Amino acid sequence: MQQRRDKLDYIKQWTFLVCITLIISVMFSIFTPKGRMAGFFKIIISLFIFISFVYPLKDFKASDINLPEEFVSADYENSEILSAQTMVELQIKNALKENGITGASVSVELKMNDEQIEISELTVAVPGEYDKSQVKNMIFDKLSLNAEVIYLGQ
């Protein structure tokens with residue numbers, strides 16, 4: 001509760017500072033000379049306003065933002081699983097390509113278990129001209145992955 005009150009006080013002080021800065025800037029711009037020096041004074045006033053907006057942020061730390069742990073860990077977990085899934089698919093497709101097997105599709109399902117990513121389901125669909133058992137053995141020999149190999153359209 002105290003942290004929330006501190007944040008509200010901080011926002012109130014910052015808002016007050018911005019309002020005072022804008023009032024002073026308007027008054028200053030009214031009394032500035034017109035003509036050749038007007039551009040110079042506009043730059044000075046703009047810098048003054050910019051600094052008044054940015055200066056309070058010097059004490060700001062990224063650790064001040066408190067996101068719920070579930071939000072952060074779930075997002076991180078999803079990106080980690082998606083990255084691993086893409087990597088496994090690419091490795092299998094490359095191994096198939098190296099062995100002259102074309103037109104195959106790969107389906108990988110991963111899950112997170114005790115902060116480790118495990119393959120829950122791995123299916124490779126190959127065209128009918130290839131022997132399923134040879135493809136399965138090749139994937140196991142090359143990548144040590146036990147895949148279910150099916151024919152396309154099954």
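## Reading the model

Residues are numbered from 1 along each chain as its sequence is written. Local features need pLDDT of at least 70, side-chain atom pairs count only at pLDDT 80 or more, and totals for chains, interfaces and linings use all residues, while side-chain values use heavy atoms, leaving out hydrogens and water.

The protein chain has an average pLDDT (the predictor's confidence in each residue, from 0 to 100) of 81, and 83% of the residues score at least 70. Helices (H or I, at least four residues) and strands (E, at least two) are DSSP runs, numbered from the N terminus. Confidence is highest in helix H4 (residues 132-143), at a mean of 90, and lowest in helix H3 (residues 69-98), at 78. A friendly reminder: where pLDDT is low, the predicted coordinates should not be read in detail.

## A nonpolar patch

Phe16, Ile20, Ile23, Ile24, Val26, Met27, Ile30, Phe31 and Phe48 make a nonpolar surface patch of about 950 Å².

Ile30 belongs to H1 and, at a relative accessible area of 56%, is exposed (exposed means over 50%, buried under 20%, partly exposed in between, with a 1.4 Å probe and protein chains only).

## Helix H2

H2 (residues 38-54) has 17 residues and reaches 24 Å from first to last C-alpha, close to the expected 24 Å (1.5 Å times one less than the number of residues). Its buried residues are Ala38, Phe41, Ile45 and Ser52. Down the axis of H2 they fall within an arc of 65 degrees, so they line one face (the arc is that of the directions from the helix axis to the C-beta atoms). Ile43 and Phe50 are exposed on the other side.

## Helix H4 and what follows

The twelve residues of H4 should span 16 Å, and the end C-alpha atoms are 16 Å apart, in agreement. Val135, Met138 and Ile139 are buried; they lie within an arc of 100 degrees, so they line one face of H4. Gln134 and Asp141 are exposed on the face turned away.

Most residues other than glycine have a negative phi.

Conventions: Patches are made of residues with over 30% relative accessible area and no salt bridge: like charges are joined within 9 Å, nonpolar side chains (Val, Leu, Ile, Met, Phe, Trp, Tyr) within 5 Å. Accessible areas come from the Shrake-Rupley method with a 1.4 Å probe; for residues, only the protein chains shown count as cover. A salt bridge is a side-chain nitrogen of Lys or Arg within 4 Å of a carboxyl oxygen of Asp or Glu.
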